[in-house]
Amino acid sequence: MSSSNVLHGLSSRLQKVQSSALPPKHLRTLSLPILSLLLRRGRPTPHGSLHLVASSPIQQNLDPLVRLGWEVSVLKRVEIYDDEVYDSQSAKLVPKPKNTLVKIYGFQEGGSRRYKEQGVDEILHLKILQALNTKSTPAPKGSTIVLATGDAKGGQFNQDGFLGAVREAIKRGWMVELWSFSEGMSFPHLK
């Protein structure tokens, strides 16, 4: 499960829903134990087969999932420097065009620190591929990968992204369930 993508989808969905029945924004959290039950749906989950990856700062306590047997990885976000800009089309950092900012004492005026996730999705790609490699081909009957995310883009270190891992799983006879909030999905990248 990709924590940031799931939480982004939930947040986007709740912004669309205008209801007085919703709690105030600062009290809205995702029930991780309930999400775990939904994803598992009573299926056996061998030790080491449940993975959640997040980036810091995390938006809510992940300890309930750890207590339920999930392996949780939290990666620190990396800074995007002022002379770089994130190109959403290629998932890479590319040089920012030169501008005419005034230099004062050798430092450029303006700009702010920005941070982005790095390696979060790639850890999940790796976990999926590791699961595929530990089982026989074709997959044992009923083998299912449950992927909770929303991001079908290629990663910085793996251009095929989740689509590549999912295609490999299907090729090897696995069933794949995709769980996402529609507001959090990157539709242009789905094929």
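The protein chain folds into five helices and ten strands. Helices (H or I, at least four residues) and strands (E, at least two) are DSSP runs, numbered from the N terminus. This is a predicted model: local features need pLDDT of at least 70, side-chain atom pairs count only at pLDDT 80 or more, and totals for chains, interfaces and linings use all residues. Residues are numbered from 1 along each chain as its sequence is written, and side-chain values use heavy atoms, with hydrogens and water left out.

Start with the whole chain. It has 191 residues, and 31% of them count as buried. Buried means under 20% relative accessible area, exposed means over 50%, and partly exposed lies in between (1.4 Å probe, protein chains only). The accessible surface comes to about 12,500 Å². Carbon and sulfur atoms hold 56% of that surface. These areas come from the Shrake-Rupley method with a 1.4 Å probe; for residues, only the protein chains shown count as cover. Among contacts (heavy atoms within 4.5 Å) between residues at least 6 apart in sequence, 69% join residues at least 24 apart.

Now go to helix α2, residues 32-40, which contains Ser36. Ser36 is buried, at 2% relative accessible area. Leaving aside residues up to four places away in sequence, Ser36 touches Leu65, Leu68 and Trp70.

Helix α5 spans residues 161-171. Its buried residues are Gly161, Phe162, Leu163, Ala165, Val166, Glu168 and Ala169. What covers them? The cover includes α4 (120-134), β9 (144-148) and β10 (175-179). Glu168 of this buried set forms a salt bridge with Lys171, the closest N and O atoms being 3.5 Å apart. Glu168 and Lys171 are three residues apart in α5, so about one helical turn separates them. Lys171 is exposed, with a relative accessible area of 66%. After α5 comes Gly173, with a positive phi near 95 degrees.

Salt bridges come next. The term means a side-chain nitrogen of Lys or Arg within 4 Å of a carboxyl oxygen of Asp or Glu. The structure holds six salt bridges. One of them joins the side chains of Arg41 and Glu177, at 3.2 Å from N to O. Arg41 lies in the loop between α2 and β1 (51-56) and Glu177 in strand β10, so the pair ties together parts that are 136 residues apart in sequence. Arg41 is exposed at 51% relative accessibility, whereas Glu177 is buried at 18%. Arg43 belongs to a network of salt bridges with Arg41 and Glu177.

Arg77 and Glu117 also meet through their side chains in a salt bridge, at 3.9 Å from N to O. Here Arg77 sits in the loop between β2 (71-76) and β3 (78-80), and Glu117 in the loop between β8 (114-116) and α4, so the pair ties together parts that are 40 residues apart in sequence. Arg77 is partly exposed at 27%, and Glu117 is partly exposed at 23%.

The structure holds one cavity of 30 Å³ or more. On a 1 Å grid over the protein atoms alone, a cavity is a set of points where a 1.4 Å probe fits but cannot get out; lining residues have an atom within 4 Å of a point. Of its 16 lining residues, Ser3, Ser4, Leu7, Ala54 and Gln59 are the closest to its centre. Helix α1 (3-16) and strand β1 each supply at least two lining residues. Helix α1 gives the most, with four.

Note on methods:
1 Å grid on protein atoms, 1.4 Å probe; cavity = no way out; pocket = protein on both sides within 12 Å on 5 of 7 lines; lining within 4 Å. Points joined across faces, edges and corners; volume = space filled by probe spheres on them.
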